[in-house]
Amino acid sequence: MAAPPRARDPQSVLFACAMNSVRSPMAESLLRHMFPQGLYVKSAGARRGELDPFAVSVMAELGQDISVHKPQTFEELEDWEGLNFDLIITLSPEAHHKALELTRTLAADVEYWPTQDPTTIEGSRDQKLAAYREVCDQLLMRIRRRFAKVGAASG
């Protein structure tokens with residue numbers, strides 16, 4: 001019997017941040033668009049937040065609609081569908097601690113990708129949007145690097 005796939009080539013990925021309102025929904029959408037089939041992708045937060053309109057705007061610039069995303073906590077996700085993920089990628093310290101607590105009882109690998117919270121940026125609408133775009137670009141680069149080999153023929 002073959003060993004179950006590990007996070008090197010995950011089948012299911014959970015992105016997590018503080019409130020599931022900016023970074024993790026962006027990452028979820030980016031990865032889902034990269035692999036529309038064959039990879040199960042969700043996101044959650046350590047706490048419940050409200051979907052951020054700047055995040056919706058920046059993703060719309062890429063042709064990705066996250067306006068229907070409903071922020072949820074780890075607990076809500078667990079209640080609704082369980083936490084059966086091969087890989088949990090955390091984007092904030094709070095989410096990382098939460099994921100490490102959860103993986104005491106889950107067989108999931110955890111990777112920490114420290115990602116700036118663009119909601120802390122002060123300034124004009126354009127300055128704020130620029131901060132969100134920067135976070136989106138960083139996430140896209142990390143996702144491309146991390147998942148470049150997923151789905152590629154091995155051997």
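Rings of Phe, Tyr and Trp, the last taken by its six-membered ring, form a pair if their centres lie within 6.5 Å; planes under 30 degrees apart count as stacked, over 60 as edge-to-face, and the rest as tilted. By this rule, the count in the chain before you comes to three aromatic pairs.

Before I turn to them, a word on the model. The structure is predicted, so local features need a pLDDT of at least 70 and side-chain atom pairs count only at pLDDT 80 or more, while totals for chains, interfaces and linings use all residues. Residues are numbered from 1 along each chain as its sequence is written, and side-chain values use heavy atoms, with hydrogens and water left out.

Let me begin with the overall layout. Helices (H or I, at least four residues) and strands (E, at least two) are DSSP runs, numbered from the N terminus. The chain has five helices and four strands, and from the N terminus on its elements run β-α-β-α-α-β-α-β-α.

Next, burial. A residue is called buried under 20% relative accessible area, exposed over 50%, and partly exposed in between, with a 1.4 Å probe and protein chains only. Of the 155 residues of the chain, 48% count as buried. The accessible surface, from the Shrake-Rupley method with a 1.4 Å probe and, for residues, with only the protein chains shown as cover, comes to about 8,500 Å². Carbon and sulfur atoms hold 52% of that surface.

How much of the contact in the chain comes from residues 24 or more positions apart? With contact meaning heavy atoms within 4.5 Å, such residues account for 71% of the contacts with a separation of 6 or more.

I now return to the aromatic pairs. The rings of Phe15 and Trp113 have centres 6.1 Å apart and planes at 65 degrees, so this pair is edge-to-face. It links distant parts of the chain: Phe15 belongs to strand E1 (residues 12–17), while Trp113 sits in the loop between strand E4 (109–112) and helix H5 (125–147), 98 residues apart. Phe15 is buried, with a relative accessible area of 0%, and Trp113 is buried too, at 3%.

Phe54 and Tyr132 give us another pair. Their ring centres are 5.3 Å apart and their planes stand at 35 degrees, so the pair is tilted. Here also distant parts of the chain are linked, Phe54 in helix H2 and Tyr132 in helix H5, 78 residues apart. Is Phe54 buried or exposed? With a relative accessible area of 17%, Phe54 is buried; Tyr132, at 2%, counts as buried as well.

Helix H2 also holds Ser57. At 24% relative accessibility, Ser57 counts as partly exposed. Which residues does Ser57 touch, leaving aside those up to four places away in sequence? They are Arg125 and Leu129. Ser57 and Leu129 are 72 residues apart in sequence, yet 8.2 Å apart in space, C-alpha to C-alpha.

Thr73 counts as buried, at 10% relative accessibility. Not counting residues up to four places away in sequence, Thr73 touches Ala44, Gly45, Arg47 and Arg48.

One backbone detail deserves attention. Most residues other than glycine have a negative phi. Asn20, however, has a phi near 55 degrees, a positive value. Asn20 is placed in the loop between E1 and H1, and counts as buried at 0% relative accessibility.

Finally, the largest pocket. On a 1 Å grid over the protein atoms alone, a pocket is an open set of points with protein on both sides within 12 Å along at least five of seven lines, and lining residues have an atom within 4 Å of a point. Grid points are joined across faces, edges and corners, and a volume is the space filled by probe spheres set on the points. The volume of the largest pocket is about 220 Å³. Its lining has 13 residues, of which Glu28, Arg32, Ile66, Val68 and His69 lie nearest the centre. Helix H1 (23–34) and strand E2 (40–45) are the elements that give two or more residues to this lining, and H1 gives the most, with five.

What is the make-up of the lining by residue class? Ala, Val, Leu, Ile, Met, Phe, Trp, Tyr, Cys and Pro count as nonpolar, Asp, Glu, Lys and Arg as charged, and the others, Gly among them, as polar. The lining divides into three nonpolar, five polar and five charged residues.

Technical notes:
1 Å grid on protein atoms, 1.4 Å probe; cavity = no way out; pocket = protein on both sides within 12 Å on 5 of 7 lines; lining within 4 Å.
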